[in-house]
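Hello,

Here is the structure we talked about handing over.

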Amino acid sequence: MINYFAAADISISFTMKHLRKLFGVYRAVLYTHPVYTQALQSSFLMGVGDVLSQTVFEDKGIKNIDKGRVIRFAGIGFFFMGPALQLWYMRLAKFKAKSSYVQTAKKVAADQLVAAPVILCTVMSSVSLMEGHNVEQTKEKLKNDYFEVLLTNYKVWPLVQFLNFSLVPVNFQVLLVQAVAIFWNSYLSFKSHKNYEERQDT
């Protein structure tokens with residue numbers, strides 16, 4: 001029994017040592033290449049979100065996942081979401097105020113009133129166009145779903161962003177947001193693809 005616990009303790013110590021080393025490498029790359037790093041991690045996490053959307057929300061089963069769709073959604077994370085969020089948060093970091101509370105409140109207000117509507121519109125439009133919609137169909141898609149998604153956003157993100165901006169260093173804010181957003185991205189992918197796939201089935 002003693003040997004079992006000793007072995008388990010050694011295993012945990014070994015794992016923690018390697019995790020700390022891995023995190024150190026990640027932090028170094030993040031500080032030297034923040035935009036590229038955020039692009040890669042956003043791509044990965046948005047891809048995971050789409051897989052969850054297909055398997056959980058749409059009940060497709062892991063064998064029936066649309067791999068092309070996963071790649072397209074991950075591509076939005078790489079080429080748009082990751083870089084855009086990193087540059088935006090660096091901009092927000094320059095906000096100044098007399099108190100940290102007011103400073104954080106200003107960041108949350110700017111993020112939710114300026115960035116959120118633009119990012120949601122861009123992501124939903126990009127998904128629509130990449131799935132084969134023309135411009136008119138994309139406008140109709142936004143007309144039907146955009147404000148519902150935006151209102152849902154306001155139920156989730158203001159509190160998350162208040163904690164994010166008040167507690168997390170700027171270079172790690174995108175990581176926290178994208179980790180929380182795995183489930184948000186699942187919902188967003190589901191809403192972005194729903195009408196398209198319904199039309200494909202008819």
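Predicted model: local features only at pLDDT ≥ 70, side-chain atom pairs only at ≥ 80, totals over all residues.

Asp145 and Lys141 meet through their side chains in a salt bridge, at 2.6 Å from N to O. Both residues lie in helix H5, which covers residues 135-167. They sit 4 residues apart, about one turn of the helix.

**The overall layout**

Now step back to the whole chain. The protein has 6 helices and 0 strands. Read from the N terminus, the elements run α-α-α-α-α-α. The protein has 202 residues, and 40% of them count as buried.

**How H2 meets H3**

Two packed helices are described by the angle between their axes and the distance between the axes. Take helix H2 (residues 34-57) and helix H3 (residues 67-92). They pack at an angle of about 140 degrees. Their axes are 6 Å apart. What does that angle make the pair? Angles over 145 degrees would count as roughly antiparallel, and those from 65 to 115 as roughly perpendicular. H2 and H3 are therefore oblique to each other. The crossing of H2 past H3 is right-handed. Which residue classes make up this contact? There are 14 nonpolar residues, 9 polar ones and 2 charged ones.

The structure holds 6 salt bridges in total. You have already seen one, between Asp145 and Lys141.

Which side chain does Arg69 meet at 2.8 Å, N to O? The partner is Asp50, and the contact is a salt bridge. Arg69 belongs to helix H3 and Asp50 to helix H2, so the pair ties together parts that are 19 residues apart in sequence. Arg69 has 0% relative accessibility, so Arg69 counts as buried. Asp50 also comes to 0% relative accessibility, so Asp50 counts as buried.

At 19% relative accessibility, Glu58 counts as buried. Why? The cut-off for buried is under 20%, and Glu58 is at 19%.

Salt bridges with shared partners join Asp50, Glu58, Lys60 and Arg69 into one network. Find these four residues in the viewer and trace the links.

**A residue in the loop**

Stay with the loop between H2 and H3 for a moment, as Asp59 is found there. Its phi is near 55 degrees. That is a positive value in a residue other than glycine. With a relative accessible area of 64%, Asp59 is exposed.

**Aromatic pairs**

Next, the rings. A pair of aromatic rings is described by the distance of the centres and the angle of the planes. The count here comes to 8 aromatic pairs.

One of them is Tyr31 with Phe172. This pair is edge-to-face, with 6.2 Å from centre to centre and 75 degrees between the planes. Where do the two residues lie? Tyr31 is in helix H1 (residues 2-32), and Phe172 is in helix H6 (residues 170-201). The pair links distant parts of the chain, 141 residues apart. Tyr31 is partly exposed, with a relative accessible area of 48%. Phe172 is buried, at 13%.

Tyr146 and Phe147 also form an edge-to-face pair. Their ring centres are 5.2 Å apart, and the planes make 70 degrees. Tyr146 is buried, with a relative accessible area of 12%. Phe147 is exposed, at 57%.

Last, look for a cluster. Which residues do ring pairs link into it? They are Trp157, Trp184 and Tyr187.

Best wishes

Definitions and conventions
Residues numbered from 1 in each chain as written. Heavy atoms only, no water. Axes fitted to C-alpha atoms, helices over the stretch in contact; angles between N-to-C directions. Parallel < 35°, antiparallel > 145°, perpendicular 65-115°, else oblique. Left-handed = near helix turned anticlockwise from the far one by under 90°. Nonpolar A, V, L, I, M, F, W, Y, C, P; charged D, E, K, R; others polar. Buried < 20%, exposed > 50% of the residue type's maximum accessible area, 1.4 Å probe, protein only. Phe/Tyr/Trp six-rings, centres within 6.5 Å; stacked < 30°, edge-to-face > 60°.
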